[in-house]
Amino acid sequence: YQFRSLPGVRVARCALPTNGLCYLNVRVQFSHLSDHHKQLLPLYAFVLTRSGAGDLDDMAMTHRIEALTGGIRAHVTINPVPDDIDRSFEYLAIRGKALERNAAHLIDLTHRFLAEPVFNPARLGQWIKQQRSSIQAGVVYQGDAYARSLARAQLSHSAAHQERINGLSFLKVLHTWADATPDQLDALLTDFREISHSLRRAPAD
């Protein structure tokens, strides 16, 4: 890897034989978020890359991504610190890929999601139900993994945090939001805007 430090960000580049593809992995720390916002972060990540950004609405952004990249998705990553089971590295990861000639477009679209996301209130309820259905299907086929996550949550703070973010505890959060009223969804959008603002202030990796 070749490393370069810029104001507020650390960049790592690595040349690999990828047959003309380039891959982008942006990681933003979220350890400074409130517990309430951390609990919402997996939902935020799911909605973020399905939303609009800047002067593009969600449909226009989707068409731009499909035309210029191989996809952009966001997810929450929590990794325990090897020598301290009560601490963890916490990141929102946004990943994408594109042909090398479209690398600048991939970077620009990813930057838009981070800098100026535009959430669509009309589709928020639909996306919540979509994520809930996806996780419910995962519980059916990977129930043992969820059970192990619950068991590990009793052993360390880091594992408990992981379970709240990615386990059955988060599925309970989705059940609550899936039945939310329009006013409650408006409050959720306010939370999303606050999360976006806080992530832009995240410390450098």
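**A serine and a helix pair**

Author: In this predicted model, a polar atom of the Ser-51 side chain lies 2.7 Å from the backbone oxygen of Val-47.

Reader: Where is the place of Ser-51?

Author: Ser-51 sits in the loop between H1 and strand E4 (52–53).

Reader: Is Ser-51 buried or exposed?

Author: Ser-51 is buried, because its relative accessible area is 1%, and the cut-off for buried is under 20%.

Reader: Which residues is Ser-51 in contact with, leaving aside neighbours within four places in sequence?

Author: With those neighbours set aside, Ser-51 contacts Asp-58, Met-61, Phe-113, Val-118, Phe-119 and Trp-127.

Reader: Turning to the helices, at what angle do H4 and H8 pack?

Author: Helix H4 (residues 121–141) and helix H8 (residues 182–200) pack at about 90°, and their axes are 10 Å apart. H4 is therefore roughly perpendicular to H8.

Reader: Which residues make the contact?

Author: H4 contributes Pro-121, Leu-124, Gly-125 and Ile-128, while H8 contributes Leu-185, Leu-188, Leu-189 and Phe-192. Seven of the contact residues are nonpolar, one is polar and none is charged.

Reader: And in the largest nonpolar core, which residues touch the most other members?

Author: Among the 47 residues of that core, they are Tyr-44, Ile-128, Leu-188 and Phe-192. Helix H1 (residues 35–48) supplies the largest share of this core, eight residues.

Reader: What is Leu-188 in contact with, again leaving aside neighbours within four places in sequence?

Author: Leu-188 contacts Leu-40, Leu-43, Leu-124, Ile-128 and Trp-177.

Definitions and conventions:
Residues numbered from 1 in each chain as written. Predicted model: local features only at pLDDT ≥ 70, side-chain atom pairs only at ≥ 80, totals over all residues. Heavy atoms only, no water. Axes fitted to C-alpha atoms, helices over the stretch in contact; angles between N-to-C directions. Helix = DSSP H or I, 4+ residues; strand = E, 2+ residues; numbered from the N terminus. Parallel < 35°, antiparallel > 145°, perpendicular 65-115°, else oblique. Contact = heavy atoms within 4.5 Å. Nonpolar A, V, L, I, M, F, W, Y, C, P; charged D, E, K, R; others polar. Core = buried A, V, L, I, M, F, W, Y, C linked by side-chain atoms within 4.5 Å. Buried < 20%, exposed > 50% of the residue type's maximum accessible area, 1.4 Å probe, protein only. Polar contact = N/O pair within 3.5 Å; in protein donor to acceptor, adjacent residues only side chain to side chain.
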